[in-house]
Amino acid sequence: MNVSVTVLSLFSILGGIAPAMAQVPPNPPLVSLEPLPLPPVNTASNGLAAIAEGKVQRLLINPFGEVDGLRLENGIVVAFPPHMGDILAVVASPGQSVRIMGYRETAERVKADSIVNVATGRVLVDQPPAIGNGGVPPHLRANNLQQLEVEGAIETLLTGPRGETNGVILNDGSIVRFPPNGMQIPIKAGMPFAASGLGTRNNYGQSLEAVSVGAHLSALQPLYRGVP
């Protein structure tokens, strides 16, 4: 076999592949760094194109410490996927005015498809997580949780997509999650509330999955059978 011919043939093949690879467009960035024209405000609440707008009061985190939404100063809670939480914290930090495109699930809860920073024009669009991104397996994430106790007055009731109460925000910003409609007694804003459970405390605040709840830490009652 003529080695020189083989090598020339190989370079010829690679030379044909390289231009083709160069023509493959890169994946679009999740955050646009250039201001974009803002869409008109649509206040429809039919569940198809509901939109909210306002200043971000605080970022919301789940018990694993991941940013999974935000609350506007007008009381609207915006849900967003936690795998995009780090970017959300940059695009929609507290005090920033944002515009939300998505679906109004309840009177005070919106599932966002995209979030626009009104001042900068930066846009964050909901996208599925990358395949094989090396994240911690779900069954190992609990290893990072710590025992937490919180106490205060209820500022906001958190709900699921069908309006079922599944958590609260206390007046100190602490977030408590519990099973949908898991409370044995009605709760509302202004009531004293305390909880003990597993969660995370980080720069965004603290959030826990409640194991026991009550009006005060001295009067906690377990949410689950077999929990002391």
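**Strands, cores and salt bridges in a predicted model**

Strand β9 (residues 175-177) and strand β11 run parallel and are joined by 3 bridges. Strands here are DSSP runs (E, at least two residues), as helices are (H or I, at least four), and both are numbered from the N terminus; two strands pair if DSSP finds at least two bridges between them. The structure is a predicted model, in which local features need pLDDT of at least 70 and side-chain atom pairs count only at pLDDT 80 or more, while totals for chains, interfaces and linings use all residues. Residues are numbered from 1 along each chain as its sequence is written, and side-chain values use heavy atoms, with hydrogens and water left out.

One of the positions involved is S196, whose bridge partner in β11 is S212. Strand β11 (residues 205-214) is largely enclosed by the rest of the structure, because 7 of its 10 residues are buried. Buried means under 20% relative accessible area, exposed means over 50%, and partly exposed lies in between (1.4 Å probe, protein chains only).

The segment after β12 (221-222) holds L223. This residue is partly exposed, at 23% relative accessible area. Leaving aside neighbours within four places in sequence, L223 is in contact (heavy atoms within 4.5 Å) with F178, P179, G182, A210, V211, S212 and V213. L223 and G182 are 41 residues apart in sequence, yet their C-alpha atoms are 7.4 Å apart in space.

The discussion now turns to the nonpolar cores. In soluble globular proteins, nonpolar side chains tend to be buried together. A nonpolar core is a set of buried Ala, Val, Leu, Ile, Met, Phe, Trp, Tyr and Cys residues joined through side-chain atoms within 4.5 Å. The largest such core in this model has 26 residues, and those with the most contacts inside it are L70, L72, V78, L88, I100 and I115. Two or more residues are given to this core by each of β1 (51-61), β2 (67-72), β3 (77-79), α2 (85-91), β4 (97-106) and β5 (109-117). The largest share, 5 residues, comes from β1. I115 touches L70, V78, F80, L88, V91, A92, V98, R99, I100, R122, V123 and L124, not counting residues up to four places away in sequence. Apart from this core lies another, of 14 residues, which include L170, I187, F193 and A210.

Charged residues form a further set of links. Side chains of opposite charge can pair when their charged atoms come close. A salt bridge is a side-chain nitrogen of Lys or Arg within 4 Å of a carboxyl oxygen of Asp or Glu, and a search of the whole structure finds 7 of them. One of these joins E155 to R58, with the closest N and O atoms 2.7 Å apart. E155 lies in strand β7 (residues 146-159) and R58 in strand β1, so the pair ties together parts that are 97 residues apart in sequence. E155 is partly exposed, with a relative accessible area of 28%, whereas R58 counts as buried at 18%. R58 and E155 are also linked with R71 in a network of salt bridges.

Two other pairs may be described. R109 and E105 meet in a salt bridge at 2.5 Å, N to O; R109 is buried, at 16% relative accessible area, and E105 is partly exposed, at 28%. In the salt bridge between E164 and R162, the N to O distance is 3.9 Å. Here E164 is buried, at 11% relative accessible area, while R162 is exposed, at 73%.

Some totals complete the description. The chain contains 3 helices and 12 strands. Of its 228 residues, 38% are buried. Among contacts in the chain with a separation of 6 or more, 52% are between residues 24 or more positions apart.
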